[in-house]
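Please find below a colleague's note on the model under review.

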Amino acid sequence: MTTDTIQIGISDLTVQYGPVTALDSVSMTIRAGATTAVLGANGAGKTTLLRTISGLIRPKAGSITFGGKELVGVSPDRMSRKGLAHVPEGRGVIAELTVEENLRLGALGRNRAHDAVTLDQVYDIFVPLAGRRTSSAHTLSGGERQMLVIGRALMATPSVLLLDEPSLGLAPKIVAQIFEIIATLVDAQSMTVVLVEQNARSALSIAEHAVVLDLGKVAVEGPATVLAQDPALRHAYLGF
Ligand code: ATP
């Protein structure tokens with residue numbers, strides 16, 4: 001693999017919360033313009049991995065490079081300007097603000113390396129939000145909120161989208177809709193996506209590559225289609 005196809009390189013990353021080792025010498029590569037699914041059971045270290053990539057957690061050891069430059073030690077707000085957008089679990093919107101006001105907030109930490117993503121582009125991607133632009137965010141359904149937090153992240157014009165459990169608590173039909181939009185972002189806009197998911201089956205259906213974490217270590221890594229078709233792996237780690 002040439003270095004220009006590696007967008008994020010992670011090597012020997014170790015993260016501790018006091019005595020708890022959440023990531024134990026984790027190494028992986030995130031390819032540019034593709035979706036990498038990060039799978040694993042509760043407590044495997046998936047959220048910790050995303051929070052460490054986006055600068056919210058300082059690792060005890062290891063390195064994270066983005067386009068060949070070291071990221072460890074870079075503050076989360078500078079990450080956003082460099083083109084990394086993190087959509088945390090839980091769909092945190094500002095409930096009192098309208099949909100459009102929430103979206104505009106996303107443009108504040110914008111990556112200026114590319115032409116700005118416009119509100120109209122976000123409404124084209126997330127059509128249900130277009131009709132709700134003046135509604136308070138607290139009136140949105142779970143699926144619409146998930147669209148809003150991803151849309152807000154897109155307003156920063158990222159090249160990399162870190163998504164933490166976007167399917168959590170959503171009906172299967174809405175999950176399918178959101179995953180289809182993620183796949184379109186990757187295909188049509190060459191976005192790089194790191195998709196943390198408990199819903200392994202759906203994640204593998206849109207990912208090119210997958211990494212399974214188990215108790216803070218990389219248990220398996222490979223093409224998504226290979227993992228999805230391996231009955232032993234599915235039984236041991238993926239729950240389907
Ligand atoms: P989940 O799907 O439940 O969110 P996960 O794979 O995202 O799980 P993490 O949330 O990254 O896993 O947790 C990895 C380990 O670190 C677990 O053992 C968890 O209990 C521990 N942990 C996570 N956050 C903290 C914290 N703030 N303080 C102490 N331990 C933590």
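How do the residues of the lining of the second largest pocket divide into nonpolar, polar and charged? The points below begin with that matter.

1. The model is a predicted one. In the second largest pocket, the lining divides into 6 nonpolar, 6 polar and 2 charged residues. This pocket holds about 250 Å³ of space. Its lining comprises 14 residues, and those closest to the centre are V117, T157, P158, Q189 and M191. Helix α4 (residues 119-125) makes the greatest contribution to this lining, with 3 residues.

2. The largest pocket has a volume of about 440 Å³. It is lined by 17 residues, with S80, A85, H86, R152 and A153 lying nearest its centre. Two or more lining residues come from each of α2 (76-82), β6 (84-87), α3 (99-106) and α6 (142-154). Of the elements, β6 gives the most to this lining, namely 4 residues. By residue class, the lining of the largest pocket consists of 11 nonpolar, 5 polar and 1 charged.

3. The largest nonpolar core contains 48 residues, among which L39 and L161 touch the most other members. Helix α7 (residues 172-189) gives the most to this core, with 7 residues. A second, separate core has 26 residues, including L13, I57, M79 and L213. As general background, nonpolar side chains in soluble globular proteins tend to be buried together.

4. The contacts of L39 deserve a separate entry. Leaving aside residues up to four places away in sequence, L39 touches K46, E197, A200, A203, L204, A210, V211, V212, L213 and L238.

5. Strand β9 (residues 209-214) is mostly covered, with 5 of its 6 residues buried. It pairs with strand β3 (residues 35-39) in the parallel sense over 4 bridges. Within this pairing, T36 has H209 of β9 as its bridge partner.

6. Strand β9 also pairs with strand β10 (residues 217-223): the two run antiparallel and are joined by 6 bridges. Here A210 stands opposite G222 of β10. The hairpin formed by β9 and β10 has 2 residues between the strands, and in this hairpin L215 takes a positive phi near 45 degrees.

7. In reading these strands alongside the model, it may be recalled that side chains in a regular strand alternate between the two faces of the sheet.

Methods:
Residues are numbered from 1 along each chain as its sequence is written. This is a predicted model: local features need pLDDT of at least 70, side-chain atom pairs count only at pLDDT 80 or more; totals for chains, interfaces and linings use all residues. Side-chain values use heavy atoms; hydrogens and water are left out. On a 1 Å grid over the protein atoms alone, a cavity is a set of points where a 1.4 Å probe fits but cannot get out, and a pocket is an open set with protein on both sides within 12 Å along at least five of seven lines; lining residues have an atom within 4 Å of a point. Grid points are joined across faces, edges and corners, and a volume is the space filled by probe spheres set on the points. Ala, Val, Leu, Ile, Met, Phe, Trp, Tyr, Cys and Pro count as nonpolar, Asp, Glu, Lys and Arg as charged, and the others, Gly among them, as polar. A nonpolar core is a set of buried Ala, Val, Leu, Ile, Met, Phe, Trp, Tyr and Cys residues joined through side-chain atoms within 4.5 Å. Buried means under 20% relative accessible area, exposed over 50%, partly exposed in between (1.4 Å probe, protein chains only). Contact means heavy atoms within 4.5 Å. Two strands pair if DSSP finds at least two bridges between them.
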